[in-house]
Amino acid sequence: MDWDGDGLNDLVIGQGSNNLGSVQVFFNNGNGTLSDPFYVCTVTGEPILSNSGSAFIQVLDFIPDDDESFDLLVGMSSSSSTEFVLVFENDPDTWIPPYNPVFLEPVPLTSVGEPVDHSPSCQWIGDIDSDGFPDLVVSDYRCLFFFYPGTGPMGTMDFAEQDTICTPSGPIIAGDTPHPCLCDWDGDGDLDLLTGSNYTPDDQRTSCGVYLYRNPLFSGMESQETGSDEFLELSVNTPARNLVEITIQSSCTGSISLDIYSIDGRRVMSDEGFPEASGTLQKQLDISFLPPGFYSLVAVAEQQRSRACFVILPL
Ligand SMILES: [Ca+2]
Ligand SMILES: [Ca+2]
Ligand SMILES: [Ca+2]
Ligand SMILES: [Ca+2]
């Protein structure tokens, strides 16, 4: 991500060590090299540190504000007190130029009023069940993944009770302290779970490697599985720049709506689409406001759903 807004992507890491976990930024020098690490601080000037082990981070605009400033989620590890998932809100009014976003004092995420507390806390926020409310996934030393359903829009600090994330064959058990990442890997508009596994303590757990678990919640919505004779075929131009050109061949009745999702599963655009779905349909959507990246366009009719992916390349 571009931490300092100079147009060049920088490297942001949660650093672990025997004594201290910290959040560090290596700035992109623009010549193939990175700067020395910069320790991310709060408004008090103190670096964000956990007492031992690790600091697992996610950078996102968790607390919505007018300037869309990114905030910081930090999963702490500590031998003593805080092992919580903490939110550090970015306060653009106190930025110190040229590259020093200042974060407010942390607030712990909670589940039914109690702080989300794991040892250590490795967390990721994303709307897994596509109900519009961001959910929280946390893993810890037990090698399981815990799902906390969201109870409100982005910025809601309290989540529902935890549940264990399972596949049809049982709970996902990864190696020691797996790091979860939610992204729409297969481009079908729902978030999938990508995780590392670093340790093979016994037969039950996955061996070292990177694993992808596709989101099964909405598999029944794919057009080939609806049992309907209607068809909905969608194509888009890729790569796209400023405009995405949509062509649909359809035998559906009713209307078709259009949504665009980013790779992290956020709906970034909705369009009313077509009032009448049947026939050959064409439309252009203005996407000039979207940053470079990988996107899915999903067309939804009453009984059919189809998707197509496109990329926006950097200039
Ligand atoms: Ca930068
Ligand atoms: Ca924000
Ligand atoms: Ca949700
Ligand atoms: Ca997906």
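This is a predicted model: local features need pLDDT of at least 70, side-chain atom pairs count only at pLDDT 80 or more; totals for chains, interfaces and linings use all residues.
## The chain as a whole

The chain has 315 residues, and 33% of them count as buried. Its secondary structure contains zero helices and 27 strands.

Contacts can also be sorted by how far apart the two residues stand in the sequence.

## A sheet of three strands

Strands β18, β19 and β20 form an open sheet, in that order, and their pairing is antiparallel. The edges of this sheet are β18 (residues 180–183) and β20 (residues 209–213). Each of these two strands has a single partner strand, so one side of each is left without a neighbour in the sheet. On average, neighbouring strands of the sheet are turned by 20 degrees against each other, with direction ignored.

The pairing of β18 with β19 can be followed in the residues. Strand β19 covers residues 192–197, and four bridges join β18 to β19. The two strands run antiparallel. Leu182 stands opposite Leu193, which belongs to β19.

## The loop between β21 and β22

Strand β21 covers residues 232–236 and strand β22 covers residues 243–250; Pro239 lies in the loop between them. The peptide bond that leads from Thr238 to Pro239 is cis, and its omega is near -5 degrees.

Asn242 is found in the loop between β21 and β22 as well. Its phi is near 70 degrees, which is a positive value in a residue other than glycine.

## The loop between β9 and β10

Strand β9 covers residues 110–111 and strand β10 covers residues 114–115, and Val112 has its place in the loop between them. Val112 is not a glycine, yet its phi is positive, at about 50 degrees.

The neighbour count settles how Val112 is classed. Val112 counts as exposed because it has 11 C-beta neighbours inside 10 Å.

## Points to locate in the structure

- The cis peptide bond runs from Thr238 to Pro239.
- Asn242, with a positive phi, is in the loop between β21 and β22.
- Val112, with a positive phi, is in the loop between β9 and β10.

Methods. Residues are numbered from 1 along each chain as its sequence is written. Chains are lettered from A and ligands numbered from 1 in the order in which they are written. Two strands pair if DSSP finds at least two bridges between them. Axes are lines fitted to C-alpha atoms, for helices over the stretch in contact, and angles run from 0 to 180 degrees between N-to-C directions. A residue is buried if 20 or more other C-beta atoms lie within 10 Å of its own, exposed if 12 or fewer, and partly exposed in between; C-beta atoms are placed from the backbone.
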